[in-house]
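Here are a few exercises to work through with the model open beside you. Try each task before you read its solution.

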Amino acid sequence: MTHILHRQIHAPLPVAAGGSGIELFDTEGRAYIDASGGAAVSCLGHGHPDVIEALRRQAETLAYAHTSFFTSEPAERLADRLIASAPEGISHAYFVSGGSEANEAAIKMARQYFVEKGQPQRRNIIARRQSYHGNTLGTLAAGGNEWRRAPFAPLLIGTHHISPCYAYRHREEGESDAAYGQRAAQELEDKILELGPDTVMAFMAEPVVGATAGAVPAVEGYFRRIREICDRHGVLLILDEVMCGMGRTGTMFACEQDGVRPDIVTIAKGLGGGYQPIGAALLSRDIFDAFAEGSGLFQHGHTYICHPMACAAALAVQEVIARDGLLRNVREVGAHLRERLEARFGNHAHIGDIRGRGMFLGLELVTDRSTKATFEPDAKLHARVKKEAMARGLMVYPAGGTVDGVRGDHILIAPPFILGRPAAEAIVERLGEALDAAVAQVRPA
Ligand code: PMP
């Protein structure tokens, strides 16, 4: 009998006992290929000796120092490193303990920016349906995941949502990507005009949508148009790269591939690779200057911001990724994995779409490829695939979200960047078996 309130009260979990490379082991001695990095977290895999050594050294030197008294060397070095590779205009980092905290900080930065600038009437956030920005009340309000929001709706601040950029379902017959991207982005301008441009503070979006949609990138041109619209109306652009950032898509920041510059970009999962809880909101020089010239502080804070152990772990993870040239592996083995997925599932009766970038790939499950009809939500197909995959020693992340009343089943694949080709083959093989077994339970042949 467990005394932990687990996510699923009635579904006992295996006990994780250890990990090495791309595998996790349970106390029964079973091995699992971590093809989702947990939830796109374990970018370096498990038990990396260099990260363990960095953690040991940091624990011996300095485990904790409160930020109202001190800064610390690992935090300073990590910030220098991140800013050196951040999108143009980003000048400072604010370290927290995870993705929700990073997005919560980002929202408060946007608000304080406009207060400092003498525009306190700017308080509206616009985000997209089919998005997840975190589980704290502010970030849950910003996100558009209906299932996660529903029980808490009366407690959530008012936010406004537009459609995601979701070509598989929303691009019309015969419409080009370019035309669709402009149409989808136009919804932002329409919403800003509806609310009144001088009341809107920020638009928030994941460049590649993760947990609610299984790795959906925007079409070419969408984010460039979003940037133009934000600039025209003085609205800040917050990009949530908590899941898709830190090399997951093959470039350090996913937004590099969209040719877009954010005012704030948040990162978390791959930053520390799971070795410590850490996230960050990276902000522009313009926002920093507004704080510096205004009240002289960002009016926020948590006990564990800039935690030296967390920063040391993240620094070690990022140094290994750079030293070992792992982003190249993300691109090359990621492309191989995608090819294998396409070979195995390209004509599969129940896979409607295969998508993503780098080692951030998604499959969308459908009852019928031509109608794109979804499985009954109550069948919880994505959860069944996860269970069948676990039974075959494979971890994949089940994603599901409702957009405009359509509840989808998606599978997210986000393996460690050290993945090799043979393991990529094993992932596809086990996933194929798991998927067929799960579908057979829902609609027996
Ligand atoms: N934003 C995105 C895009 C995420 O995928 C997640 C986590 N799934 C979060 C925010 C929240 O991060 P955390 O769980 O670390 O609070």
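**Exercise 1.** At what angle do helix H2 (residues 49-61) and helix H12 (residues 308-323) pack, and how far apart are their axes?

*Solution.* Step one: helices here are DSSP runs (H or I, at least four residues) and strands likewise (E, at least two), numbered from the N terminus. This is a predicted model, in which local features need pLDDT of at least 70, side-chain atom pairs count only at pLDDT 80 or more, and totals for chains, interfaces and linings use all residues. Residues are numbered from 1 along each chain as its sequence is written.

The angle of H2 with H12 is about 150 degrees, and the axes lie 9 Å apart.

Step three: H2 and H12 are therefore roughly antiparallel to each other (under 35 degrees counts as roughly parallel, over 145 as roughly antiparallel, 65 to 115 as roughly perpendicular and the rest as oblique).

Step four: look at the contact (C-beta atoms, placed from the backbone, within 7 Å). On the H2 side are Asp50, Val51, Ala54, Leu55, Gln58 and Ala59, while H12 brings residues including Pro308, Met309 and Val320. By class, this contact has 12 nonpolar residues, one polar and one charged (Ala, Val, Leu, Ile, Met, Phe, Trp, Tyr, Cys and Pro count as nonpolar, Asp, Glu, Lys and Arg as charged, and the others, Gly among them, as polar).

**Exercise 2.** Why are H14 and H15 described as oblique to each other?

*Solution.* Start with the geometry: the axes of H14 (residues 381-391) and H15 (residues 421-442) come within 8 Å and cross at roughly 130 degrees. H14 and H15 are therefore oblique. Next, the partners: H14 uses Leu381, Arg384, Val385, Glu388 and Ala389, and among the H15 residues they meet are Arg430, Leu431 and Val442. Finally, the classes: nine residues of this contact are nonpolar, one is polar and three are charged.

**Exercise 3.** Which domains does the assignment of the chain give, and what separates their centres?

*Solution.* First, the bounds, which come from an automatic or database domain assignment: domain 1 is 16-48 + 324-442 and domain 2 is 52-323. Then the centres, taken over C-alpha atoms: they are 25 Å apart. Last, the interface: 38 residues of domain 1 are in contact with 36 residues of domain 2. On the domain 1 side, the elements that give two or more residues include helix H13 (326-345) and strand S13 (351-357).

Conventions:
Contact = placed C-beta atoms within 7 Å. Axes fitted to C-alpha atoms, helices over the stretch in contact; angles between N-to-C directions.
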